[in-house]
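This briefing sets out selected local features of a protein–RNA model, grouped by topic. The sequence and the coordinates are shown first.

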Amino acid sequence: MTDILDELAWRGLIAQSTDLDALRETLAQGQAAVYCGFDPTARSLHVGNLVPLLILRRFQLAGHRPIALAGGATGMIGDPSGRASERVLQTLDVIGQNVQAISGQLERFLDFDDGPNGAKLADNLDWLAPMSAIDFLRDVGKHFPVNTMLAKDSVRSRLDAGGLSYTEFSYMLLQSYDFLELLRREGCSIQVGGSDQWGNITAGIDLIRRTEGRPAHGLTVPLVTSATGEKFGKSTGGGSLWLDPELTSPYAFYQYWINTDDRDVEQYLKKLTFLGREEIEAVVAQGVERPQDRIGQRRLAQELTTLVHGQAETDAVEAASQALFSRDGDLSVIEERALAGALAELPGMHVDLGAAPSLVDLLTGTGLYASKGEVRRAVAQGGAYVNNERVTDADAAVPEQAWLHGRFLVLRKGRRSLAAVTRGGSRDNEQSNG
RNA sequence: GGCAGGUUGCCCGAGUGGCCAAAGGGAGCGGACUGUAAAUCCGCCGGCUCAGCCUACGUUGGUUCGAACCCAACACCUGCCA
């Protein structure tokens, strides 16, 4: 077993922890179980969830046993931590679906084999749902002094900001009980989470000490922030960068990392990939020398896209990016098959052979622009392109010779947002390629 | 339950009867410059069949030639009191 704590430390992945020496000792005694919870607030995890999720994997690689908990029950309550205002409760239906979806994603990042350190998936609905309110108040609530709860950051900041409901105030009791339950069921005495989870984690440790008289440990990972202070993992449109390929295409996912600010590359490589120390240092050194080659960005994009979407997707996306970005000029020289493959990775639309849509229709139809008004503005400012040629008249029809290989158009917005239009009976060709 | 205050475009926030598609900031988008980076400068930033029209300032109804702005009811949020 490698020393996982040293590993996490040099990667900058430890924000806060309980007694590190005691934790080190526990880990040294042999295989330990480590748990991290994920709230089903959406139907997919996003890259923000990736850091703690990968921590579980790092523990597994170091020989320990990870437990990923999908908060089927806590998701119904709403965690006040890190939130400025009360959450709107989601319907049980939606939460159930989210738990399903998220559980499926969690499974892909950990090894669930029967080995001694095979991962486990848990849902706190299993033990919280059967519990009565009276049992809960007597067995759990009794161990929580309200004055301590009020002192927690998550509660105090909300009190300052106008208050919170009893529902959310109770959240930390539920999460604490999860920890206790996992200790009893799985012998799990270590919980990891985002830094906003510190209050909840320590509350669980207190509960365990009071009920079981045993020590437990907590570790939080820092909130990842970009150099410009923007929220990490927000796509350029402002939305989250989802792990679900239906919500964020692998192409968009890859592009996000390719566009990483130079200043963030090193910390992202450390925190989000499994590359070793020497390799990261080498990549960073090359980046300092030849920043224009974007070696670090490329490496980051490759590693993460492969981790989330698999090697095959990465290869496809990378080929597409190269074909479309490496030459600013003539797209018609790209051979048909390569172009077809590249365009398949882009958001796009299909039109019938006989149709004669105007450029505005295509530019909005592919989702590249939200409205026709936006297209008009972009054209006036010179920010819309078809096959790398600037559009001057949005209402013009597409000239026949513009169709690459008779059936493709590459639409571009600004420097780097691309979309594809295909026409005619291209379905057969695409299938024969795949 | 009572009293007071609030609800404005993606977010914050000004506006208190016509000059309001609504100041200012942030976010976002485009252009120039670059390296699909950052910084900087310039422009844009509700929709459309775009010199015009339509929809919008919590909801519904009213006053008025005319309402984000006045009145009423309702909903929600906040504070104080019970």
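Predicted model: local features only at pLDDT ≥ 70, side-chain atom pairs only at ≥ 80, totals over all residues.

Asn387 is found in the loop that lies between strand E8 (384-386) and strand E9 (389-390).

**Positive phi angles**

- Most residues other than glycine have a negative phi.
- Asn387, although not a glycine, has a positive phi of about 50°.
- The relative accessibility of Asn387 is 12%, which is under the 20% limit, so Asn387 counts as buried.
- His405 is likewise not a glycine, and its phi is positive at about 55°.
- The loop between E9 and strand E10 (408-413) contains His405.
- With a relative accessible area of 35%, His405 falls between the limits of 20% and 50% and is therefore partly exposed.

**A strand pair and a buried polar contact**

- Strand E2 (residues 33-38) is mostly covered, as five of its six residues are buried.
- E2 and strand E3 (residues 65-70) run parallel and are joined by six bridges.
- Within this pairing, Gly37 stands opposite Leu69 in E3.
- Asn200 belongs to helix H11 (residues 198-212).
- Asn200 has a relative accessible area of 2%, and because this is under 20% the residue is buried.
- A polar contact of 3.4 Å connects the side chain of Asn200 with the side chain of Asp79.

**Aromatic rings and charges over rings**

- Five aromatic pairs are counted in the model.
- In the pair of Tyr256 and Trp257, the ring centres are 4.9 Å apart and the planes stand at 90°; an angle over 60 degrees counts as edge-to-face, so this pair is edge-to-face.
- Tyr256 and Trp257 are both buried.
- Phe253, Tyr256, Trp257 and Tyr268 are linked by ring pairs into a cluster.
- Arg57 lies over the face of Phe274, and its distance from the ring centre is 5.0 Å.
- The ring of Tyr385 has the charged end of Arg412 over it, 4.1 Å from the ring centre.

- Of the atoms of RNA strand B that come within 4 Å of the protein, 73% belong to sugar and phosphate.
- By class, this surface near RNA strand B comprises four nonpolar, 15 polar and twelve charged residues.
- At least two residues of the surface near RNA strand B come from each of helix H12 (250-258), helix H13 (262-272), helix H16 (311-325) and helix H19 (372-381).
- H19 gives the most to this surface near RNA strand B, supplying five residues.

- For Gln255, an N or O atom in the side chain is 2.7 Å from a base oxygen of RNA strand B.
- For Arg415, an N or O atom in the side chain is 3.4 Å from a base oxygen of RNA strand B.
- For Lys372, a backbone N or O atom lies 2.7 Å from a phosphate oxygen of RNA strand B.

Terms used:
Residues numbered from 1 in each chain as written. Chains lettered and ligands numbered in written order. Heavy atoms only, no water. Phe/Tyr/Trp six-rings, centres within 6.5 Å; stacked < 30°, edge-to-face > 60°. Buried < 20%, exposed > 50% of the residue type's maximum accessible area, 1.4 Å probe, protein only. Lys NZ or Arg CZ within 6 Å of the ring centre and 35° of its normal. Near = heavy atom within 4 Å. Polar contact = N/O pair within 3.5 Å; in protein donor to acceptor, adjacent residues only side chain to side chain. Helix = DSSP H or I, 4+ residues; strand = E, 2+ residues; numbered from the N terminus. Nonpolar A, V, L, I, M, F, W, Y, C, P; charged D, E, K, R; others polar. Pairing = 2+ DSSP bridges.
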